[in-house]
Amino acid sequence: MPLCCKSTKELLLLQMRCNNVKRRNTPTKQAVLALLTEPGKAMSQDTIEERITIKINRATIYRILNQFYEDGILCRAITDNGKQYFCLLYTSDAADEEDS
C-alpha cells in the first residue's frame, strides 16, 4: 500500500519522475507539488487553494491534481460525500534511494 512522501529527498525523486512523464514543469505544478510534501498529509483541492502562495484558479488545481494522479505521482481517496483527497506516493524507488 502506498504511503505519503515524507522527505525532501523523496520530493526530488518525485520531481524527477514528473519530468520523466514528459509534461511541462510549470510554476503552478511545482507549487502544488511543494504543498503536498507536508509529511503524512493528504489534502483536498480546497485546502490546496487556501494554502497555495501563487495565483492559481480552482480548475487549474484540479487539472494538476488529476494529471499527477494519472501519472502515478499521487494517490487519491474519495470520501463518502465525494470529496477527493490527494497525497504524494511514497515509492519503493524512493526507499531504495534513501537506503543508498
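What follows looks at how two helices pack in a predicted model, and at one buried serine. Residues are numbered from 1 along each chain as its sequence is written, and side-chain values use heavy atoms, with hydrogens and water left out. As the model is a prediction, local features need pLDDT of at least 70 and side-chain atom pairs count only at pLDDT 80 or more, while totals for chains, interfaces and linings use all residues.

Take helix 4 to begin with, residues 58-70 (helices are DSSP runs of H or I, at least four residues, numbered from the N terminus). Thr60, Ile61, Ile64, Leu65, Gln67 and Phe68 of helix 4 are buried (under 20% relative accessible area, with a 1.4 Å probe and protein chains only). These residues cover an arc of only 160° around the axis, so they sit on the same side of helix 4.

Helix 2 (residues 27-35) packs against helix 4 at an angle of about 70°, with the axes 10 Å apart. That makes helix 2 roughly perpendicular to helix 4 (the label for angles of 65 to 115 degrees). Thr28, Lys29, Val32 and Leu33 of helix 2 meet Ile64, Leu65, Gln67 and Phe68 of helix 4, where contact means heavy atoms within 4.5 Å.

Then there is Ser44, found in strand 2 (residues 43-44) (strands are DSSP runs of E, at least two residues). With 1% relative accessibility, Ser44 counts as buried. Neighbours within four places in sequence aside, Ser44 is in contact with Lys83, Gln84 and Tyr85.

Methods:
Axes are lines fitted to C-alpha atoms, for helices over the stretch in contact, and angles run from 0 to 180 degrees between N-to-C directions. Angles under 35 degrees count as roughly parallel, over 145 as roughly antiparallel, 65 to 115 as roughly perpendicular and the rest as oblique. Buried means under 20% relative accessible area, exposed over 50%, partly exposed in between (1.4 Å probe, protein chains only). The arc is that of the directions from the helix axis to the C-beta atoms.
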